[in-house]
Amino acid sequence: MPNMQKLSLFLILIILFGCNESFTTKPFFSMGTLVEITVSEKDKTEIENIKSEIERLSEFVKEETNKINVAGKNEKVVVDKRFIALLKKGGYFHDISQGRFDITIHTIMKLYGFPEGPYKVPSRSTLDQFSSYIGFENLIINENFVIKKSDFTIDMGAYAKGWIVDEAINFMKSRSIKNGIVNAGGDLYCLGDKNGDGWKIGIQHPDDKEKVISVLKLVNKAVVTSGDYERFFIENGKKYIHIFDAKKKETADNYKSISVIADSVEMADGLSTVYFLLNPQEIRSLCDKLKTPVLIYHLNGNIEKLCGWEKFEVN
Amino acid sequence: MKSIKPFDIIVILFIFGITIYLMKTENEAIKKAYIIIDEKKYPLNLDQNGIIDLKIYGKNMKVEVKDKKAHIIESDCRDKICIHMGYVKDCGDTAICLPNKTAIVIECEKNRYDGISR
């Protein structure tokens with residue numbers, strides 16, 4: 001029965017090419033960026049629910065942050081326990097960066113006009129005055145309340161967006177969604193796979209957005225990039241970017257971009273900023289310890305791949 | 001030695017056809033440009049050069065289409081990041097104005113990547 005065998009092969013081929021799941025992407029604006037949710041066609045009725053979850057969490061972070069920012073010195077500020085956990089994560093990033101990463105740096109970043117402009121360099125005396133308020137150690141964190149020991153303001157933009165994406169992914173899992181991507185302005189998580197293959201993710205070239213500097217295949221992994229090329233201004237020939245070193249209390253134009261692969265977006269998000277503040281040697285030893293692959297695009301255009309980045313790359 | 005039968009030729013032609021189709025869709029993705037305004041997507045014709053004033057959508061912004069490329073040339077936002085983002089012309093390219101909740105994007109039936117980290 002040779003013809004029967006051939007017919008079977010014919011049918012197998014039709015099944016192979018015909019059963020690929022197709023995916024749909026919905027863009028919307030939230031968390032101060034363009035968020036894109038990708039799910040399979042069969043799950044697309046859940047997109048609105050995922051979007052509502054993201055918007056609810058974004059509002060939650062904004063409200064809790066605001067409670068702390070409007071509070072006076074030594075005032076007891078009651079905040080949600082999940083927000084306490086987020087603040088403690090800020091403490092973790094502060095510790096592993098030896099104090100260079102600090103959520104209280106917002107106190108002086110806002111003087112420069114970050115994040116939304118208009119941008120300007122503040123006067124030396126204003127900077128000196130506000131710099132004295134900075135320091136994560138001035139934030140006393142208790143079980144369900146915090147106390148500010150000085151008049152700082154905080155911003156958790158460096159990793160709260162990542163936390164929200166992680167929560168959105170957990171929400172998707174609770175709705176039995178097995179495959180998809182949540183991409184919040186380049187901070188993204190690849191849930192499951194795409195028809196048995198990894199999700200294909202490009203890392204944008206810092207100088208030419210039509211090019212990528214690396215292509216990854218990811219399954220159940222997060223990748224985040226921090227760069228000096230989108231939010232910045234130049235005054236008197238000096239470039240001021242939106243990443244600040246809390247130790248030096250000034251802008252940190254150390255690299256063109258740093259990308260990090262991790263198991264959660266919160267971690268990848270926070271680490272991409274932490275690594276941005278460290279020198280290459282420090283990055284190497286920390287990424288080795290934390291097992292988080294890193295891609296550095298140096299100011300001179302050199303590309304450095306650390307801690308197993310290549311393992312996730314495809315041509 | 002067995003001779004090739006007509007059924008063999010059908011199977012070979014089928015496999016050949018599928019391969020050509022997959023290669024074609026991989027390389028010649030059909031590009032579609034859109035302007036996203038407050039979550040609504042409006043098609044943008046890249047074949048027609050000109051300046052589009054987004055005032056009719058309540059945005060003080062202008063988009064220029066030139067030689068199958070588009071870019072934001074005017075915006076009343078404070079940071080002007082969208083203007084710095086330059087032209088969009090290839091699959092997955094975006095120029096986003098967050099304060100105005102407006103973006104121009106190029107989508108393809110088969111995008112080069114499932115996501116871009118930037």
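**The contact between chains A and B and its structural setting**

In the predicted model, the contact between the two chains draws 43 residues from chain A and 35 residues from chain B. Together the chains bury about 3600 Å², of which 59% lies on carbon and sulfur atoms. On the side of chain A, A:Phe29, A:Lys209 and A:Glu210 contribute 21% of the area buried against chain B, more than any other three residues.

Polar interactions across the contact comprise nine residue pairs in polar contact, with both partners at pLDDT 80 or more, and the count of salt bridges between chain A and chain B is one. That salt bridge is formed by the side chains of A:Lys194 and B:Asp114, with an N to O distance of 2.7 Å. The side of chain A that touches chain B receives at least two residues from each of helix H1 (2-18), S1, S2, helix H2 (47-70), strand S6 (180-184), strand S8 (199-204), strand S9 (212-218) and strand S10 (221-227) of chain A. The largest share, eight residues, is provided by H1(A), and the residues on this side of chain A divide into 22 nonpolar, ten polar and eleven charged. The chains are also joined through strand pairing, in that S8(A) and strand S8 (residues 115-117) of chain B run parallel and are connected by three bridges; within this pairing, A:Ile201 has B:Gly115 as its bridge partner.

Two of the strands of chain A that supply residues to the contact, S1 and S2, also form a hairpin with two residues between the strands. Strand S1 (residues 23-30) is mostly covered, with six of its eight residues buried, and S1(A) pairs with strand S2 (residues 33-40) of chain A in the antiparallel sense over eight bridges. The side chain of A:Thr38 is joined to that of A:Thr25 by a polar contact of 2.9 Å. With residues up to four places away in sequence left out, A:Thr38 touches A:Phe23, A:Thr24, A:Thr25, A:Met172, A:Asn179, A:Gly180, A:Ile181 and A:Trp199.

As to overall architecture, chain A comprises eight helices and 17 strands, and its C-alpha atoms fill a box of roughly 90 × 45 × 35 Å along the principal axes. Of the 315 residues in chain A, 54% are buried, and among its contacts between residues at least 6 apart in sequence, 60% join residues at least 24 apart. Chain B has two helices and eight strands, arranged along the sequence in the pattern α-β-β-β-β-β-α-β-β-β. In chain B, 38% of the 118 residues count as buried, and residues 24 or more positions apart account for 31% of the contacts with a separation of 6 or more. The loop between S8 and S9 of chain A holds A:Asp208, a partly exposed residue with a relative accessible area of 25%; its C-alpha atom is separated by 37 Å from that of A:Phe136, which is 72 residues away along the chain.

Over all chains, the structure holds 27 salt bridges. In helix H2 of chain A, A:Glu59 and A:Lys62 lie three residues apart, about one turn of the helix, and their side chains meet in a salt bridge with an N to O distance of 3.8 Å. A:Glu59 is partly exposed at 36% relative accessibility, whereas A:Lys62 is exposed at 53%. A further salt bridge links A:Lys305 to A:Glu313, with the closest N and O atoms 3.1 Å apart; A:Lys305 is partly exposed at 32% relative accessibility, and A:Glu313 is partly exposed at 22%. In chain B, B:Lys62 forms a salt bridge with B:Glu74, the closest N and O atoms lying 3.8 Å apart. This pair connects strand S4 (residues 61-66), which holds B:Lys62, to strand S5 (residues 69-75), which holds B:Glu74, the two residues being twelve apart. B:Lys62 is partly exposed with a relative accessible area of 25%, and B:Glu74 is partly exposed with 41%.

Terms used:
Residues numbered from 1 in each chain as written. Chains lettered and ligands numbered in written order. Predicted model: local features only at pLDDT ≥ 70, side-chain atom pairs only at ≥ 80, totals over all residues. Heavy atoms only, no water. Buried < 20%, exposed > 50% of the residue type's maximum accessible area, 1.4 Å probe, protein only. Helix = DSSP H or I, 4+ residues; strand = E, 2+ residues; numbered from the N terminus. Pairing = 2+ DSSP bridges. Contact = heavy atoms within 4.5 Å. Buried area = accessible area lost by both parts, 1.4 Å probe. Salt bridge = Lys/Arg side-chain N within 4 Å of Asp/Glu carboxyl O. Polar contact = N/O pair within 3.5 Å; in protein donor to acceptor, adjacent residues only side chain to side chain. Nonpolar A, V, L, I, M, F, W, Y, C, P; charged D, E, K, R; others polar.
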